[in-house]
Amino acid sequence: MQFPVLSVIIFTPMIAGILLLLIPAERKNEIRVTALAAGTFALLLSLWVYFSYDIAAGGYQFIENYSWLPSLGISYQVGVDGMNAPLVLLTGVVMFTGVLISWGIDDRPREFFAFLFILATGVFGVFVALDLFMLFFFYEIAVFPMYLLISIWGWKVTREYAAMKLTLYLFIGSVIALVGALAMYFTSGLGTFDMIALEGANFSVDFQRFWFPFVFFGFAVLGGIFPFHNWSPDGHVAAPTAVSMFHAGVLMKLGAFAALRVGIMLLPEGAKFHMPWIILLTLVNVVYGAFIAMVQSDFKYVIGFSSVSHMGLVAMGFATLNKTGMIGAGVQMFSHGVMTALFFAVVGMVYDQAHTREIPRLGGFRKVMPLVALAFIIGGLVSMGMPGFSGFIAEFPIFMGVWGSFPWIAIAAAISIVITASYIIRIIGRVFFGQMPDEFSDHVHDVRSLDKLALVFLSAILIVVGVFPSIMVPLVESGVDNVMRLLGGM
Amino acid sequence: MPFIFDHLLTLILFSPVLAAVVILFLPREGTRLIRWVAFVLSFIPLILTIVLWFNFDPSQPGFQFEEQYVWYSAINSSFHVGVDGISLTMVLLTTLLTPLAILTSFTIEDRVKSYMVLFFLLQLGMMGVFLSLDLLIFFVFWEFGLVPMYFLINQWGSEKGEREIFGGKKVRARTYASFKFMIYTMAGSLGLLLAIQMIGVVSGTFDLPQLLSIWPDLQGSLFGLPASTVKSIAFWAFAIAFLIKIPVWPFHTWLPDAHTEAPTAGSMILAGVLLKLGAFGFLRLIIPLYPSEAAYYAGALAFLAMLSIIFGALASYGQTDFKRLVAYSSVNHMGFVVLGIAAAAFAAGTQNAVIALNGAVLQMFNHGLSAAGMFFLVGVIYERTHTRNLNEYGGLFPLIPVYGGILIFTSMASLGLPGLNGFISEFLVVRGSWPIFAIFTALSMIGLFFTGAYILKGIKQVLHGPLNENWIGHVSEINARELFVIVPLMVLMLWIGVWPAWILSVINNAVMMLF
């Protein structure tokens with residue numbers, strides 16, 4: 001039997017979380033080292049999956065299938081294809097760097113890492129699940145710890161409000177999606193939750209058109225689609241740094257990915273029918289999100305809204321329903337995940353020392369933390385779609401895809417590039433360059449080496465993908481081929 | 001050796017990256033070491049370019065030393081590079097100016113390491129534009145070059161000066177200038193980006209040689225509009241991006257700010273090479289891809305070029321800041337390049353068009369030499385006096401006779417004195433465009449008259465008149481390092497002025513093949 005690598009990846013964080021809870025709470029260093037070991041292990045395994053996926057063969061690989069509740073047609077079935085292999089890697093990357101930059105958490109680190117890891121298990125599970133029931137199962141596992149992580153370790157001012165808002169939004173979304181999923185289960189007549197089987201269920205066109213919005217929007221709430229996006233900046237801001245990284249970096253992809261996996265791939269006719277107006281919503285995401293980011297004065301809110309804008313591009317790529325746009329969306333999910341994890345890590349590092357995030361009050365941080373400034377600049381260049389970085393590799397095909405389907409939308413959406421450039425440049429100038437106010441200059445110091453390691457790692461990924469797109473694009477392309485096959489080779 | 005010849009262009013293109021990586025690993029405190037290593041490493045691309053120059057066969061049609069590698073196969077874009085006579089000239093200009101600019105930067109004391117790394121990345125961006133034969137790769141390098149330039153202006157620009165921005169707040173002049181440069185150019189490139197995407201979607205490839213056989217002949221309807229309308233819109237999307245970069249009136253307003261606030265070496269590269277990127281875009285992309293649109297709108301381009309020549313000269317004459325005066329002179333001189341290109345686009349294939357285009361390309365090279373030289377000389381005097389105000393100099397000739405002589409020589413090259421390089425190229429442009437756009441060419445002579453006026457004004461205010469007593473003891477003669485920067489430029493100015501055939505033979509063959 002083949003080594004069950006995906007299950008090991010899924011349950012490594014869970015087991016590590018349980019082990020952490022067995023360590024006495026006051027032995028904080030042991031707790032951190034255990035957490036780091038688990039993070040490294042998951043990262044290495046996800047790297048292994050990513051690089052040993054056979055692109056030429058395509059399809060689902062590393063499949064594991066154990067029946068779980070045969071009477072209801074539920075089985076534990078996991079596998080990766082070109083679409084989710086980068087996302088598994090992304091989760092490994094964010095988990096590893098999230099542990100690194102959470103080294104300084106002193107308030108109950110044991111419980112913090114344990115919850116974070118349970119969250120990671122949920123995320124890994126959703127990405128690789130091939131069974132609809134399992135997908136929902138892991139989805140809820142991913143959402144629930146978020147509530148605790150934000151309300152216990154979050155920013156004191158808004159944490160209760162934000163945690164409640166986020167959880168309610170996501171639960172309502174997932175319940176709506178669940179209704180759609182159950183409709184599929186009963187209508188298909190196959191008596192199975194197996195998504196590969198459901199792909200061939202031949203739902204009637206009317207059925208698909210009716211249920212598609214339920215499933216798509218139910219999940220897309222977590223992807224931050226307009227007008228259901230406003231839990232996300234609040235949630236990002238209230239969450240502690242590592243959780244923001246997970247939240248914006250990985251969790252939002254969970255929504256987008258599930259909307260693709262369950263919505264577009266299982267109900268392709270519905271997607272074809274509804275996408276022409278959904279793309280208008282994503283246009284609002286992209287442009288309006290960028291505008292709102294531009295006028296924020298709180299550093300973390302800027303990044304929060306920039307995520308709304310960039311996730312809009314992912315949804316826009318899906319909405320094109322053509323190959324180029326989908327490839328772009330697939331790469332954008334990875335690129336944005338790494339980029340935004342980098343951003344939130346930087347925001348956290350600045351906030352930890354300055355104890356404020358008001359942009360006008362900050363300044364001159366380059367002098368004390370040069371590497372952090374450099375990392376933010378690299379992230380910023382990715383964010384404005386500068387060639388040579390992964391953002392360009394992702395956004396360019398998305399725009400090409402939009403040109404192929406809705407040319408006017410491409411022109412309108414392009415404005416966001418300049419808006420993004422202007423707010424990124426403004427932050428670089430205000431926060432990192434210029435004169436540091438006296439109130440900070442006595443106590444602000446450089447960040448830990450582990451923080452630096454995390455930043456260098458994330459920046460390096462953004463540059464490598466940007467310079468050598470062939471490291472990721474053929475893989476995503478093979479995954480998109482499968483989606484296009486379901487959409488009828490459009 | 002065969003390896004070098006097979007990969008000559010990639011080696012030239014990426015040797016600056018190598019240099020940047022080497023510098024990255026030098027100790028931060030070793031300022032002197034970093035400077036010298038940067039200077040020595042900047043000769044690698046120059047030497048390779050000279051090798052390329054002597055192995056380049058001007059009589060052969062098409063692109064030479066082509067290399068093609070897989071880059072972004074999902075959207076049919078590959079890393080495709082090659083040279084013809086036009087890009088060869090421009091690459092030579094870039095690799096020649098970079099060591100000189102780095103030598104100029106020896107006076108930079110603040111964060112030398114980052115500065116040098118950015119400088120090499122800038123060189124990569126510029127050469128990438130000149131060498132790429134793939135539309136997407138062209139855009140990649142086109143945008144990428146903005147980033148290092150932004151930081152060079154923003155961080156190492158002039159210390160003085162404030163600007164009032166919207167809302168009455170005051171910011172440092174260099175912050176204002178760099179932001180304006182970045183956003184202006186990015187916004188200008190937006191149309192270019194969209195048009196490139198559109199071409200990619202329509203043609204299914206970004207490879208330039210393939211596009212040339214698909215795109216210009218495209219008929220029928222695109223996106224519900226007639227193909228000719230779409231092509232006209234795309235033509236202007238390309239043209240505006242390039243007109244901003246050149247810059248042509250009325251898109252020039254970022255230039256005086258950026259030039260004035262940039263560090264001396266930054267201005268040298270900005271005026272010497274960066275402005276050429278726009279003109280090069282016209283030659284490499286617009287004329288081959290949009291021959292009929294370019295001919296149709298050539299009159300409008302020539303009109304803008306004429307206004308640039310006249311207004312550039314008048315604005316230059318009106319300045320009291322020496323560096324701003326030189327900055328506006330770029331608008332004036334680059335106007336001739338655009339005039340030549342417009343004339344050639346209008347009368348494609350004729351003898352006059354070939355002459356005008358020869359002149360335009362040579363003018364790009366010449367302006368690169370003289371503008372870099374002028375900005376350098378402004379920098380030299382600024383370092384001694386810490387002022388750029390022309391009214392505060394006065395009568396410096398007796399104090400610094402060698403500098404004075406060099407300033408007059410370089411100014412004369414810029415003015416277009418027969419026997420020096422500027423004359424040859426401006427004469428060719430005017431000779432070529434006269435039969436095509438007689439009125440515009442005649443009117444631009446007004447500009448040429450004021451060119452003389454502002455050049456002489458600069459010389460007079462700095463060197464002649466009563467000696468300003470304050471400067472005695474402060475202003476020292478040009479030193480050996482500075483001489484080493486300016487002498488190669490002067491030699492080339494004289495050489496092209498006296499015997500232009502060596503460079504024109506390379507340009508001419510490439511120009512003949514454009515049509």
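Biologist: How many residues of chain B are in contact with chain A?
Modeller: In this predicted model, 25 residues of chain B are in contact with 27 residues of chain A, where contact means that the C-beta atoms, placed from the backbone, lie within 7 Å. Local features here need pLDDT of at least 70 and side-chain atom pairs count only at pLDDT 80 or more, while totals for chains, interfaces and linings use all residues. Residues are numbered from 1 along each chain as its sequence is written, and chains are lettered from A and ligands numbered from 1 in the order in which they are written.

Biologist: Which element of chain B gives the most to that side?
Modeller: Helix 9 of chain B does, with 13 residues; strand 1 (64–72), helix 7 (135–144) and helix 9 (173–203) of chain B each supply at least two. Helices (H or I, at least four residues) and strands (E, at least two) are DSSP runs, numbered from the N terminus.

Biologist: And how do the residues on that side of chain B divide?
Modeller: There are 20 nonpolar, four polar and one charged, with Ala, Val, Leu, Ile, Met, Phe, Trp, Tyr, Cys and Pro counted as nonpolar, Asp, Glu, Lys and Arg as charged, and the others, Gly among them, as polar.

Biologist: Switching topic, at what angle do helix 5 and helix 13 of chain B cross?
Modeller: The axes of helix 5 (residues 85–104) and helix 13 (residues 264–289) of chain B cross at roughly 170° and come within 9 Å. The axes are lines fitted to C-alpha atoms, for helices over the stretch in contact, and angles run from 0 to 180 degrees between N-to-C directions. Helix 5 of chain B is therefore roughly antiparallel to helix 13 of chain B, given that angles under 35 degrees count as roughly parallel, over 145 as roughly antiparallel, 65 to 115 as roughly perpendicular and the rest as oblique.

Biologist: Which residues meet there?
Modeller: Among them are B:Met90, B:Leu93 and B:Leu97 in helix 5 of chain B, and B:Met268, B:Ile269 and B:Phe280 in helix 13 of chain B. The residues of this contact divide into twelve nonpolar, four polar and one charged.

Biologist: What about helix 19 and helix 21 of chain B, how do their axes cross?
Modeller: The axes of helix 19 (residues 421–433) and helix 21 (residues 480–498) of chain B come within 6 Å and cross at roughly 45°, which makes helix 19 of chain B oblique to helix 21 of chain B. The contact is made by B:Asn421, B:Phe423 and B:Ile424 of helix 19 and B:Met493, B:Ile496 and B:Gly497 of helix 21 of chain B.

Biologist: B:Ala413, is that buried or exposed?
Modeller: B:Ala413, which is found in helix 18 (residues 401–415) of chain B, is buried, with 28 other C-beta atoms within 10 Å. A residue is buried if 20 or more other C-beta atoms lie within 10 Å of its own, exposed if 12 or fewer, and partly exposed in between. Leaving aside neighbours within four places in sequence, B:Ala413 is in contact with B:Ser370, B:Leu420, B:Asn421, B:Gly422 and B:Met493.

Biologist: And where does B:Ser42 lie?
Modeller: B:Ser42 lies in the loop between helix 3 (31–41) and helix 4 (43–55) of chain B, and B:Ser42 is buried, with 24 other C-beta atoms within 10 Å.

Biologist: Last one, how many residues of helix 6 of chain B are buried?
Modeller: Of the 20 residues of helix 6 of chain B, 19 are buried, so this helix is largely enclosed by the rest of the structure.

Methods
Two residues are in contact if their C-beta atoms, placed from the backbone, lie within 7 Å.
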